[in-house]
Amino acid sequence: RLSPEAHMLGHAMFTSRPYQLVRQSPATDYFFEINDLYVEVVFLGRANAGKSSLINALVGGEVAKTSSLPHSTRTINFYQNATPEEINRFAKGNPNNLVKLPGGGKNFTLVDVPGFGIEGMSDAWRDDAIRLTDSYMNLRRSINTAFMCVDADKGLTPTDVTMLEWIEKLHGLVWVIVTKADAVPHSRLCDVISRIYQKITKQKRTHRNVYPFVLPVSAHTGENVDALRALIVETSGIIPGDKLRQILRKRSHEALAKAKVL
């Protein structure tokens, strides 16, 4: 279970101020600042897996361009809840227009990475997407949490498995979320989640860096969007480790006391 504190903080951090696109990095631009650290939360997955729609649901606004056409995201897109004035103020000393602490408070940078691996994608664009993702995941020290997005309608495809192994090698710990949970029957959703979980747990040596927790979400209905916000808060270190342990210890004691009463 995610703590109530994480739920409250997650909702506040994602909805208190509007997010906006602050940087786009095209496939020909492989320069990323590796010395400046930001709390970056990156969303990866096959093309048309619903990454942009999920970002919009997280921030409660239409900041990421969505399209019914596959592989419409052709740049790495960075989103922050910084105002235009704050971005302009930081721009002089920061050519990438990314700010770590806009307004003096903690802030997440959400990162939408181009997907690939579907029919109709040209070889040139596929290669560009691979190089761009590889460069970003290899060079950025500011990546805090990586989410692998799996389309509920498509299920876990060979491309997903290959990409998951690749991300593990590039970054380390990866979380899996199943997008478009509302687009399939409940039985189908349970089957997809079960197959992913079995893949992760039965092949621990191969997927030792994939956390054995699969979260279904729906950008359309808002299902588990708050839970995803809370998960990002807890995995990002925004709540200090000692504070989080204190919260969990308190919850454990309360549960134990309740059990004794029953």
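A residue counts as buried when its relative accessible area is under 20%, as exposed when over 50%, and as partly exposed in between (1.4 Å probe, protein chains only). By this scale Phe-213 is partly exposed, with a relative accessible area of 32%, whereas Trp-175 is buried, with a relative accessible area of 8%. The model is predicted, with pLDDT of at least 70 needed for local features and 80 or more for side-chain atom pairs, while totals for chains, interfaces and linings use all residues. Residues are numbered from 1 along each chain as its sequence is written, and side-chain values use heavy atoms, with hydrogens and water left out.

Two packed helices are described by the angle between their axes and the distance between the axes. Axes are lines fitted to C-alpha atoms, for helices over the stretch in contact, and angles run from 0 to 180 degrees between N-to-C directions. Helices (H or I, at least four residues) and strands (E, at least two) are DSSP runs, numbered from the N terminus. Helix α2 (residues 51-59) packs against helix α7 (residues 225-236) at about 85°, with the axes 9 Å apart. The two are therefore roughly perpendicular (65 to 115 degrees; under 35 is roughly parallel, over 145 roughly antiparallel and the rest oblique). Leu-54, Ala-57, Leu-58 and Val-59 of α2 make the contact with Val-225, Leu-228, Arg-229 and Ile-232 of α7, where contact means heavy atoms within 4.5 Å. These residues comprise seven nonpolar, no polar and one charged; Ala, Val, Leu, Ile, Met, Phe, Trp, Tyr, Cys and Pro count as nonpolar, Asp, Glu, Lys and Arg as charged, and the others, Gly among them, as polar.

Helix α1 (residues 4-15) also packs against α7, at about 100° and with the axes 8 Å apart, which makes α1 roughly perpendicular to α7. The residues of this contact divide into seven nonpolar, four polar and three charged.

Turning to the aromatic rings, the structure holds six aromatic pairs. Rings of Phe, Tyr and Trp (its six-membered ring) pair if their centres lie within 6.5 Å, with planes under 30 degrees apart counted as stacked, over 60 as edge-to-face and the rest as tilted. The rings of Phe-14 and Phe-108 are stacked, because their centres are 5.3 Å apart and their planes at 15°. Phe-14 lies in helix α1 and Phe-108 in the loop between α3 (84-91) and β4 (109-112), so this pair ties together parts 94 residues apart in sequence. Both Phe-14 and Phe-108 are buried. Trp-175 and Phe-213 form an edge-to-face pair, 6.0 Å centre to centre with 80° between the planes.
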